[in-house]
Each structure stands twice: as C-alpha cells, then as structure tokens.
Amino acid sequence: MKRFLRYSLEKQRKIRGVLMVDGQMVQRTLLVLEEDETGITALIGSGKKPKHILFEDVLSCDYARGDHGEE
C-alpha cells in the first residue's frame, strides 16, 4: 500500500484507493500531494480541495484505470 502512495507522490499520478470515509468504505481516485508521519494529503476524486487521510483509513491501493505503472 505504501508503495502505491509513494508512487502517486513521486510521479504525480493518480491511484485508486479504498478508503474509510465517515464510517463508510468507498473507492476513489487519489492524487497524493504530501505524506507525513500520520497519513497523506491528497486530492480525492475530482475534488479541488486537498484532504488529510490517516494511514489507518487507507484500506487498499492500486493503479488507476489505464495506468500500469510503466513510464
């Protein structure tokens, strides 16, 4: 999971994540902007305002549709 978060941060590419948001499990695309010791700050979906997400609320990550991790 951390590998995908780092991939998004370093390459500035969107990833797909399964998150806990307000007690609900949701799948969204993320663009990681920064990482700290407790979590990440990311743009979620088509949102324009960054949101801080705790690592414990990130359940799973994968490449976004159409991305295979190749340059």
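I take a patch to be a group of residues with over 30% relative accessible area and no salt bridge, in which like charges are joined within 9 Å and nonpolar side chains (Val, Leu, Ile, Met, Phe, Trp, Tyr) within 5 Å. A salt bridge is a side-chain nitrogen of Lys or Arg within 4 Å of a carboxyl oxygen of Asp or Glu, and accessible areas come from the Shrake-Rupley method with a 1.4 Å probe.

The model is predicted, with local features needing pLDDT of at least 70 and side-chain atom pairs pLDDT 80 or more, while totals for chains, interfaces and linings use all residues. Residues are numbered from 1 along each chain, and side-chain values use heavy atoms, without hydrogens and water.

I looked up the nonpolar surface patch and found Met20, Met25 and Leu59 making about 290 Å² of it.

I then turned to charge, where Glu34, Glu35, Asp36 and Glu37 form a negative patch on the surface, Asp and Glu counting as negative and the charge being placed at CG of Asp or CD of Glu. Glu37 sits in the loop between strand S2 (24-35) and strand S3 (39-44), and is exposed at 72%.

Last, I checked Gly39, which lies in strand S3 and is buried, with 0% relative accessibility. Gly39 touches His52, Ile53, Leu54 and Phe55, leaving aside residues up to four places away in sequence (contact means heavy atoms within 4.5 Å). Between Gly39 and Glu56 I noted 8.0 Å, C-alpha to C-alpha, although they are 17 residues apart in sequence.

Definitions and conventions: Helix = DSSP H or I, 4+ residues; strand = E, 2+ residues; numbered from the N terminus. Buried < 20%, exposed > 50% of the residue type's maximum accessible area, 1.4 Å probe, protein only.
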